[in-house]
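Please keep the sequence and the model in view while reading.

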Number of protein chains: 2
Amino acid sequence: MATVLDRFMEGDVRALSRVVSVVENRTDGYREILAKLYEKSGQSLRIGITGPPGAGKSTLVNSLARQFVADGKRVGIVAVDPTSPFTGGALLGDRVRMEELPTDGTVYFRSMATRGASGGLAAATDNVCIVYDAFGFDITLIETVGVGQVELDIIDTCDSVVVVLVPESGDAVQTMKAGLIEIADLFCINKSDRPGAERIAAELKHSLEVRHRSDDTWTTPIVPTEALNNKNVDRLYESILAHFEYAKSSGVLQKHRREQIRRKVRSIMRTRFQRELDARFLSELNLDEIIDDICDGKSNPFDVGDRLYDKFCRG
Amino acid sequence: MATVLDRFMEGDVRALSRVVSVVENRTDGYREILAKLYEKSGQSLRIGITGPPGAGKSTLVNSLARQFVADGKRVGIVAVDPTSPFTGGALLGDRVRMEELPTDGTVYFRSMATRGASGGLAAATDNVCIVYDAFGFDITLIETVGVGQVELDIIDTCDSVVVVLVPESGDAVQTMKAGLIEIADLFCINKSDRPGAERIAAELKHSLEVRHRSDDTWTTPIVPTEALNNKNVDRLYESILAHFEYAKSSGVLQKHRREQIRRKVRSIMRTRFQRELDARFLSELNLDEIIDDICDGKSNPFDVGDRLYDKFCRG
């Protein structure tokens, strides 16, 4: 692995792909690599793009990536698909979208889709972002369908969060306002040439005013875009940069990143617990016999869980 | 608590509500209660009703509940709202839906919505189902929007899983077929008076035929319903009973429940780890100092996490 890491440090994109795979699949030795790469991280601005299926997030992300490149930046993209049966298929367009991106190494794309990874998907995504950061990408764009807890955990790791809606989301906005305002640093109304765009923007604006805290000096912008026609994406781009400047100068960024580290430490401990539990502890036990006892009413999962926990942790 | 448990055992619904709250909020002593109630559980048939937002799941669940009651059964309902910002609002209708249900104690309804509970939400839902089971409900209906990993974990605990689609889901079915077929024991095409109902049923049927395994003697039914007009829900009801009979006689049910116990034991150990980590271990540490070191580049979250893990688990 030493040579792959050497090539990684030299900026070799194929070495990057190797390292991302090792980290995504948690291949042996991935932790040591991450510990090493972490030292080189901390420079990349992490932007989360989230919204309901069909909001045009991929097109928007590609368009933003091209603007960053035009501005002399290097961009890493992670698209997270939680592979819920009801949101599936987001990955079918991977090949199409990659054809739209520059192929000169200024943009790197990877999609994450680990059905059943549960809490592990958020941790794996964060790890891939650390790899991107260490590789020298100035910007990391994380695209995710905003549907579940895992995706919210991912979005929590971003320095700036763009919530993408479409005019058709209008009717739903009433009920989801509180949650959206909580996570959004910026709103984007994509496909804004469709009817209803102004109404949804007005509704959001009203909710933002009502909820605005006097100690908060950031006014959440609502940017209408037509990503497909590359219309107004530059305004969204500038708003993202403005939010980054605000976060830096107000101390929000530093505070947020400390909170991030705190959560990362916990997440690392939790991941290790689960891995050791599955890989070593439970596999060495005769669980069948224990389950027989529970089925026969001689015991119950709660007492068994506690007994095994004590044995695992204290014993 | 002893008197509440006594009243619970006597079938007092207010005592049931108290116990459900204790278990949902993980109030002190909840584990001991669960260990005790678990002995009385194992009789209830657990049916999961899942599907995209707007598929009419609540109406269908109410309608099914009334049919079970007409058949002399007692029914507990849990509605799980993952409180994603994009699916929010599902709970607004709680009062309305409860007005539709019998008030003679034959049906009990509870909604779960624990933002930020992460993996904990699936465990908490399972615990509430154990309480229902011990209370003597013959049937437990779990309703959830099928969007994320937490919801899939919940659905995995059900004896029968009904996936509810609507004709409008048609276009999406192509891309989500594999995932749906994996989790569905029965399909229900609700609002089947709308155009497209036959097409989506035909598409599903085709996919089921292609994927049918020769060792599987269950043929997944596709039942068209109009829950709002109470039309054909009796056919769905009978299909659910038929699936239960199949699961019992084929051994699938027993195998599934053993797998359930295995996962429950793991989940209990994981929950306890997280609780002890947060409540005791991390709060006693000076994490600020540790985070300072990481920010200053003297350390990294991976090495810190490992060191703390060893201290916690071996120390």
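In chain A, seven of the seven residues of strand 1 (residues 45–51) are buried, so this strand is largely enclosed by the rest of the structure. A residue is called buried if 20 or more other C-beta atoms lie within 10 Å of its own, exposed if 12 or fewer do, and partly exposed in between, with C-beta atoms placed from the backbone. Helices (H or I, at least four residues) and strands (E, at least two) are DSSP runs, numbered from the N terminus. The model is a predicted one, in which local features need pLDDT of at least 70 and side-chain atom pairs count only at pLDDT 80 or more, while totals for chains, interfaces and linings use all residues. Residues are numbered from 1 along each chain as its sequence is written, and chains are lettered from A and ligands numbered from 1 in the order in which they are written.

In a regular strand the side chains alternate between the two faces of the sheet. From strand 1 of chain A, L45(A), I47(A), I49(A) and G51(A) point one way, whereas R46(A), G48(A) and T50(A) point the other way, and all are buried. Strand 1 of chain A runs parallel to strand 4 (residues 139–145) of chain A, to which seven bridges join it; there, L45(A) has I139(A) as its bridge partner. Strand 1 of chain A also pairs in the parallel sense with strand 5 (residues 160–165) of chain A, over four bridges, and here I49(A) is partnered by V162(A). Two strands are said to pair if DSSP finds at least two bridges between them.

V162(A) lies in strand 5 of chain A and is buried, with 28 other C-beta atoms within 10 Å. Not counting residues up to four places away in sequence, V162(A) touches I47(A), G48(A), I49(A), L186(A), C188(A) and I240(A), a contact requiring that the two C-beta atoms, placed from the backbone, lie within 7 Å. By contrast, V162(A) and I291(A), 129 residues apart in sequence, are 47 Å apart in space, C-alpha to C-alpha. Strand 5 of chain A in turn pairs with strand 6 (residues 186–189) of chain A in the parallel sense over four bridges, with C188(A) in strand 6 as the bridge partner of V164(A).

These pairings belong to an open sheet of chain A, in which seven strands follow the order 3-2-4-1-5-6-7 with parallel pairing. Strand 3 (107–112) and strand 7 (222–224) of chain A stand at the edges with a single partner strand each, so one side of each is left without a neighbour in the sheet. From one strand to the next, the twist averages 20°, angles being taken from 0 to 180 degrees between the N-to-C directions of axes, which are lines fitted to C-alpha atoms, for helices over the stretch in contact.

The secondary structure of chain A comes to 13 helices and seven strands, and buried residues make up 45% of its 315 residues. Among contacts in chain A between residues at least 6 apart in sequence, 76% join residues at least 24 apart. In the loop between strand 6 and helix 9 (197–211) of chain A is K191(A), whose phi is positive, about 55°, although K191(A) is not a glycine. K191(A) counts as buried because it has 23 C-beta neighbours inside 10 Å.

Chain B also holds an open sheet of seven strands, in the order 3-2-4-1-5-6-7 and with parallel pairing. Helix 9 (residues 197–211) of chain B lies across strand 5, strand 6 and strand 7 of chain B, running at about 170° to strand 7. In the loop between strand 7 (222–224) and helix 10 (233–250) of chain B lies N230(B), a residue other than glycine with a positive phi near 55°. With 15 C-beta neighbours inside 10 Å, N230(B) counts as partly exposed.

Finally, helix 13 (residues 301–314) of chain A packs against helix 11 (residues 252–284) of chain B at an angle of about 55°, with the axes 8 Å apart. That angle makes helix 13 of chain A oblique to helix 11 of chain B; angles under 35 degrees count as roughly parallel, over 145 as roughly antiparallel, 65 to 115 as roughly perpendicular and the rest as oblique. The contact involves residues including F302(A) and L308(A) of helix 13 of chain A and I261(B) and M269(B) of helix 11 of chain B.
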